[in-house]
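Take a look at the model first, then read on.

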Number of protein chains: 2
Amino acid sequence: MITILAGGTGSVKLVRGLASVSKDITVICNVGDNIWLYGLYVCPDIDTVTYGLACLLDEKRGWGIKGDTFSFVDQMKRMGRPAWFGLGDRDLATHVYRTEMLRRGKSLTEVTIALAKTLGATSKILPATDDEVETVISTPRGEMHLQEFWVKRGARPAVTGVAFRGADRARPGRQVVEVIKKSERIIIAPANPVSSIGPMLAIGGLRRELVRAKERVVAVSPIIGSRPVSGPAAKYMKAAGLEVSPAGVASYYKEVAGSLVIAKTDWKMAGRIEQFGMEAARADIIMTGPRGEARLARYLAGKARN
Amino acid sequence: MITILAGGTGSVKLVRGLASVSKDITVICNVGDNIWLYGLYVCPDIDTVTYGLACLLDEKRGWGIKGDTFSFVDQMKRMGRPAWFGLGDRDLATHVYRTEMLRRGKSLTEVTIALAKTLGATSKILPATDDEVETVISTPRGEMHLQEFWVKRGARPAVTGVAFRGADRARPGRQVVEVIKKSERIIIAPANPVSSIGPMLAIGGLRRELVRAKERVVAVSPIIGSRPVSGPAAKYMKAAGLEVSPAGVASYYKEVAGSLVIAKTDWKMAGRIEQFGMEAARADIIMTGPRGEARLARYLAGKARN
């Protein structure tokens, strides 16, 4: 069994690659970007992974359901309600279903598993926790929810800090702990370390489990050279006091991962990574198309050299 | 001030007509067809009236917002969830907004007024009560919610009874009582008497107020000859033991209305209606287009002879 810790858009390629090379994949998904909108509980990372595994994902946008319409959010806008979050009309069925089930007393884990099954996702998806953890971005304009910073403010404000509200009280999902214990390999997706993986590492019980499993944990660097493969990782990493480089990623993961997979072009970094007590493995970490996804996945699953 | 007791599709023409001839119109709206769907509170009659007064109504269907899309409900169907109720994507914004406000502790009256304002409805709309009243149709296949009978079952089962669950405990909205006390005229729309007006008359406190105001209450017959102008009135009236005729309507309204407006062609009915202690007024009650709506409205508002 292989487990992958995943965020959303930045992780879905590798998640899909792994699902294509192995039947026994479990995805542990970030919940720090979950947000209540219009009284509905929206889980952007879980949904992106679910849609990705169900062949429903809008690949161009990197989120939402392909071919979706946006009448609902347009109507909300006309009604003078906040409408900065791109909620598609089909996508909305997911949020309405989830909210109804949660209100009926189901856990987020139960709902996530049910939704994945209903939508046809091919692997098991587990939220990191059933408790609410919220990634809060500090800016000179005040604190704001990650989604507000990222979507509403277009990631423009300076970032002075990143915090995970609720993480200190959150417990990992029971299945999450079991899955980490049992997995031959635990992969940390090439996601934004601070905002996508950070909220999971901030959950004490989950972090402790990873520390115990460290020798089985392989992280994939989301940074090549001094630039993220995609997304706003640099801004968050700097705010967290990290160097924007594979070595910076290594310093963030040093307690929870036994090795870091970096781009072949970053071979000069290997020495610095090893100083953190981690093995530095070099591979082709840019995934182009399903073949690229599967190639990296096979390598990480130990089924092929890269 | 003029008040109109209204259902949905069958009432919206006259409601709109009245709004076009007078600025001081209050609509008291049926709530018996309200239904929880997917954890959202849907108020079909209130919405039809609101959309009608906001020039948003899909006139062809008689419900929902014109030009709406149906991606959400299609997705629910794909997810194997019940999808028999036509919830448009724009329409959904209304239900999501309402549900969020109710969960925050607002009353249905407050939410209805806010929605009417937000959507641009030109008259005041009040739900008959803030309490839950549910119109239940008895059939040989068992009891079912009015909407289930009407939409899901296509009104096909035989109707053996109509009941208003919760009406015995429901209190009329406070503003409803004030409005009835103050109105020069209270009009009962040519709606289905049993299923659209009946749930309101079943609320003791509302019925008592109408009985007191009886001489100011004018009902418009939804039946011409022995056939309803539109909709399934006949089936419900028969189940309620009423004759499907203006006289049957009169017998249903005899305690709460001082007069009944019937079609000119039904002049032979006048005598039987007067036997119920009601005045029988004859007018052109078929409303064709905005002109026809306004003509009947002017007549009912006492501004013109018909």
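This is a predicted model: local features need pLDDT of at least 70, side-chain atom pairs count only at pLDDT 80 or more; totals for chains, interfaces and linings use all residues.

Q: Is B:Lys60 buried or exposed?
A: Start with where to look: B:Lys60 sits in the loop between α2 (44-53) and α3 of chain B. Around B:Lys60 there are 8 other C-beta atoms within 10 Å. The cut-off is 12 or fewer, so B:Lys60 comes out as exposed.

Q: What separates the C-alpha atoms of B:Lys60 and B:Lys106?
A: Along the chain, B:Lys60 and B:Lys106 are 46 residues apart.

Q: How do α4(B) and α5(B) lie relative to each other, parallel, antiparallel, perpendicular or oblique?
A: The axes of helix α4 (residues 89-103) and helix α5 (residues 108-119) of chain B come within 10 Å and cross at roughly 140°. Roughly antiparallel would take an angle over 145 degrees, and roughly perpendicular runs from 65 to 115. That is why α4(B) is oblique to α5(B).

Q: Which residues of α5(B) meet α4(B)?
A: From α4(B) come B:Thr94, B:Tyr97, B:Arg98, B:Met101 and B:Leu102. By class, this contact has seven nonpolar, one polar and one charged residues. On the α5(B) side, the residues are B:Leu108, B:Val111, B:Ala114 and B:Leu115.

Q: Which helix supplies the largest share of the side of chain B that touches chain A?
A: Here 23 residues of chain B are in contact with 23 residues of chain A. On chain B's side, α3 (71-78), α4 and α5 each supply at least two residues. The largest share, nine residues, comes from α4(B).

Technical notes:
Residues are numbered from 1 along each chain as its sequence is written. Chains are lettered from A and ligands numbered from 1 in the order in which they are written. Axes are lines fitted to C-alpha atoms, for helices over the stretch in contact, and angles run from 0 to 180 degrees between N-to-C directions. Helices (H or I, at least four residues) and strands (E, at least two) are DSSP runs, numbered from the N terminus. Angles under 35 degrees count as roughly parallel, over 145 as roughly antiparallel, 65 to 115 as roughly perpendicular and the rest as oblique. Two residues are in contact if their C-beta atoms, placed from the backbone, lie within 7 Å. Ala, Val, Leu, Ile, Met, Phe, Trp, Tyr, Cys and Pro count as nonpolar, Asp, Glu, Lys and Arg as charged, and the others, Gly among them, as polar. A residue is buried if 20 or more other C-beta atoms lie within 10 Å of its own, exposed if 12 or fewer, and partly exposed in between; C-beta atoms are placed from the backbone.
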